[in-house]
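Hi,

Here is the structure I said I would pass on.

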Amino acid sequence: MKKYALLMAAVLVGTFFSCDPKPEEEGLQRPNILIILADDAGYADFGFMESEDMLTPNLDHLAQEGVVFTDAHTSASVCSPSRAGLLTGRYQQRFGHEMNLRPHQPMAFDSAQVTIAELLSQNGYQTSIFGKWHLGEAPHQHPNKNGFDHFWGFLAGHRSYFPQPKDSIREDMHLQENGRPSSFQGYLTDAIGDHALQYLEGINQDDPFFMFLSFNAPHTPMEADPMHDSLFKDHSRPVYASMMYSMDLAIGRIIRKLKEQELYNNSLIFFLSDNGGSIQNNSSVAPWKGFK
């Protein structure tokens with residue numbers, strides 16, 4: 001039987017905090033929660049989905065050690081409303097977030113919506129997001145205004161995987177850390193993983209954490225890390241395969257760090273894609289038809 005991706009924190013978290021007394025009063029240890037989100041990944045493009053040409057060893061191992069959902073769905077077929085539904089646990093049409101937001105569209109996703117990060121922060125969690133936001137650029141739409149204590153990434157729906165002069169790209173594509181300008185060297189997928197690693201090294205291990213690891217890979221633009229050129233030079237989809245491999249390597253570094261810190265066994269880890277494969281990134285949606 002075909003298997004689908006690991007999914008999904010909101011229901012479990014809502015159940016976990018839905019009643020009194022608090023978990024500590026019952027002698028329970030609150031779990032760390034890590035949601036890993038790919039962007040436009042193909043349904044069939046993982047080893048655990050029986051792909052024969054994608055290298056995803058870390059995700060394959062995670063699936064082998066965990067539970068694989070065989071019938072799982074996101075709430076929208078494009079990036080921004082899908083992420084709004086994921087973070088709020090609501091059908092995003094209920095608050096007017098039915099499609100990808102236009103730049104500076106203030107009335108869809110806003111601080112009136114309660115996010116999973118807000119819920120967890122109110123219950124003593126350290127909350128963070130790394131990577132793509134794509135839920136608005138207005139001040140009230142910022143991650144730090146919607147439950148996330150720490151944000152490193154960009155507000156737009158896409159951007160180059162390589163450093164760009166700030167005057168050559170839109171402001172929402174600029175890298176930032178909690179509202180302050182930031183930058184990176186090398187390849188963006190690696191940088192997202194590196195900043196998440198640095199954050200984990202500095203957390204207070206007495207309190208649980210919620211991390212949203214929000215990759216923009218393998219969304220366009222199709223830009224691969226040249227460090228992997230030789231590995232995929234004879235591949236039928238070399239750029240896409242390399243982008244998927246870079247994301248898998250970054251995820252592997254995070255998982256190893258959790259194990260080093262002895263946090264892994266008390267962590268709920270979920271992996272999914274914000275929607276299906278796009279016709280623009282050479283992904284595979286087999287055995288289905290269409291795209292996204």
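Below is what I found in it, starting with the ground rules.

This is a predicted model, so local features need pLDDT of at least 70 and side-chain atom pairs count only at pLDDT 80 or more, while totals for chains, interfaces and linings use all residues. Residues are numbered from 1 along each chain as its sequence is written, and side-chain values use heavy atoms, with hydrogens and water left out.

On the overall picture: the chain has six helices and seven strands (DSSP runs numbered from the N terminus, H or I of at least four residues for helices, E of at least two for strands). In sequence order they read α-β-α-α-α-β-β-β-β-α-β-α-β. The radius of gyration is 18 Å, close to the 19 Å that the globule rule gives for 292 residues, so the chain is as compact as a globular protein of that length (C-alpha atoms are used, and the rule is 2.2 Å times the number of residues to the power 0.38). The C-alpha trace spans about 60 × 45 × 35 Å along its principal axes. Of the 292 residues, 54% count as buried (under 20% relative accessible area; exposed is over 50%, partly exposed in between, with a 1.4 Å probe and protein chains only).

Now the sheet. It is open, with seven strands in the order E5-E4-E3-E2-E6-E1-E7 and mixed pairing (two strands pair if DSSP finds at least two bridges between them). E5 (180-181) and E7 (267-273) are the edge strands, each pairing on one side only. E3 (residues 150-154) and E4 (residues 176-177) run antiparallel and are joined by two bridges, and Trp152 stands opposite Glu177 in E4. Helix H5 (residues 188-202) lies across E2 (126-132), E3 and E6 (209-214), at about 170 degrees to E2 (contact means heavy atoms within 4.5 Å; axes are lines fitted to C-alpha atoms, for helices over the stretch in contact, and angles run from 0 to 180 degrees between N-to-C directions).

A few backbone details are worth a look too. The loop between E6 and H6 (238-260) holds Pro218, and the peptide bond from Ala217 to Pro218 is cis, with omega near 0 degrees. Pro221 sits in the loop between E6 and H6 as well; the bond from Thr220 to Pro221 is cis, with omega near 5 degrees.

Asp40, in the loop between E1 (32-38) and H2 (57-65), has a positive phi near 65 degrees and is buried at 3% relative accessible area. Asn178, in the loop between E4 and E5, has a positive phi near 55 degrees and is partly exposed at 22%.

Cheers
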